[in-house]
Amino acid sequence: MKFIPTWLHRLASPQHFFGDIKSWIMWLYVLGTIGFLVGSVWGLAFVPPERYQGDSFRILYVHAPIAHVAQLIYISIAVAGVVHLVWKLKMADVYMSAAAPVGCWLTALALASGMIWGMPTWGTAWVWDARIVSTLILLFLFFGLIVLRRVVPNPTRAATALSILAIVGAINIPIIKYSVEWFETLHQPASIELFGDIAIAPVFLTPLFINIASIYVLAAGFILANMRYLVVERNASMTWIQGWIRGQSQ
Amino acid sequence: MMELLTMDGHGIYVWSAYILTTCVLLGLGIYPFIRLSRLKQRYQEDNELK
Amino acid sequence: MKSHRRRKLTIIIFLFVGSLATVLISIFALQNYINHFYLPDEIVSGEVPLERKIRAGGFVKPGSVVHESAGLGVQFDITDLNDATFRVHYEGILPSLFREGQGAIVAGRLNKNGIFAASHVFAKHDENYVPPELKGMVEHDDP
């Protein structure tokens, strides 16, 4: 593994990570906040209503990006689990614990906003539909990842258990993705495919893409902020942390 | 202006979804910093005791 | 990559693919038992159990929606856009997205006269998002 760029190598060391990361987080927060405000105001006020759904379709601009990023966070945790099991990289373990609560909250938000959207359009807030149930399972997997760290006292064992749960649970992701095609669901199929047609009219698209990008950026910021906290918590005895606590250095 | 608030009867759904999302995002952004400053304070108190 | 790492990675990949296959096969095998969902042609052909809680879905046949003069009662036809059509009776408030030509899912019981007594009606919306002025310019739109 020689071809890792130096800046990435620096970030793999907890001390350098802690020193370098604060300004990154601030930039991500600023960029993500501006993006989310622009995308949301655009979607709420500057886009015509949808032909059948009327104004309720505007929930799309928060629901879709958040559901998408929540699933992506789960995949990234599973990848970190593989990296932890195979290469024993400390930061992979930190990443798993930092990303789990972010993914958990975003999944809960995706479910909640979906329920709110379902009330006026489908005529129900909840149905036992393959897409909705598999997303609920995703929420429970995130709960599992958060709880597991607390119930396993040995940190090394906890990290191994977390990795295994993350990897096994990743089976759920293709099920969420393809549930709308394989089963008779009330949830409609995907409107945007990476290598396919887009079923959303062009006027509606720009704010959607702005919000998707903004939630990516914000989620990255949240995860890094959590990692920063965990690095301090887990390295408390190190001299550089002690220096930071006494206020000698940042 | 009222139109933007009521949205033809859908306003309550649309706005509650946006407000809920904003609140959770704010919480996710701020909480790690609150937690870190609490941790720092606790370590400082521990150091003073030593 | 060192050999012990490669071995670990291989084990992980095998376990993952193995369990993915197991879960998917069981879901597809169980689908017939857990998913009481029927299409219009299955309802018409009579292979559907009567007076049992089931779900069915299709398109609301244009021109078939009749509101009863008293109360919230409403009747409409669900069709697969071919020959198969069955009649639904429902008492309650229809979701705002429910309209003729659009997809709908009904939950309830099929009685022996072939009428579906629905306890719930869900409106399905498709993956197309179109502004009002372009209405009718999309494929499968407004039959």
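How much area is buried between chain B and chain A, and what percentage of it do carbon and sulfur atoms give? In this predicted model, the area buried between chain B and chain A is about 3,000 Å², and carbon and sulfur atoms account for 78% of that area. The size of an interface is often expressed in this way, as the accessible area lost when the parts come together.

The residues behind this figure can be taken next. Chain B brings 26 residues to the contact, and chain A brings 40 residues. On the side of chain B that touches chain A, the largest share comes from helix α2 of chain B (residues 11–49), which supplies 22 residues. By residue class, this side of chain B comprises 16 nonpolar, seven polar and three charged residues. Between chain B and chain A the count of salt bridges is zero. Polar contact is found across the interface of chain B and chain A for four residue pairs, both residues being at pLDDT 80 or more.

Chain A also meets chain C. Here the buried area is about 3,700 Å², with carbon and sulfur atoms giving 65%. Three residues, R51(A), Y52(A) and E184(A), supply 22% of the area that chain A buries against chain C, more than any other three residues. In terms of residues in contact, chain A provides 41 and chain C provides 38.

For the interface of chain A and chain C, the rule finds zero salt bridges, whereas 11 residue pairs are in polar contact, both residues at pLDDT 80 or more. Several helices of chain A take part in the side that touches chain C: α3 (60–87), α4 (90–121), α7 (172–182) and α8 (202–234) each supply at least two residues. Of the elements involved, α3(A) gives the most to this side, with five residues. The side of chain A that touches chain C divides into 29 nonpolar, eight polar and four charged residues.

G114(C) lies in the loop between β6 (103–110) and β7 (115–123) of chain C.

Methods
Residues are numbered from 1 along each chain as its sequence is written. Chains are lettered from A and ligands numbered from 1 in the order in which they are written. This is a predicted model: local features need pLDDT of at least 70, side-chain atom pairs count only at pLDDT 80 or more; totals for chains, interfaces and linings use all residues. Side-chain values use heavy atoms; hydrogens and water are left out. Contact means heavy atoms within 4.5 Å. Buried area is the accessible area (1.4 Å probe) that two parts lose on being put together, summed over both. A salt bridge is a side-chain nitrogen of Lys or Arg within 4 Å of a carboxyl oxygen of Asp or Glu. A polar contact is a pair of N or O atoms within 3.5 Å; within protein, one must be able to donate a hydrogen and the other to accept it, and residues adjacent in sequence count only if both atoms are side-chain atoms. Helices (H or I, at least four residues) and strands (E, at least two) are DSSP runs, numbered from the N terminus. Ala, Val, Leu, Ile, Met, Phe, Trp, Tyr, Cys and Pro count as nonpolar, Asp, Glu, Lys and Arg as charged, and the others, Gly among them, as polar.
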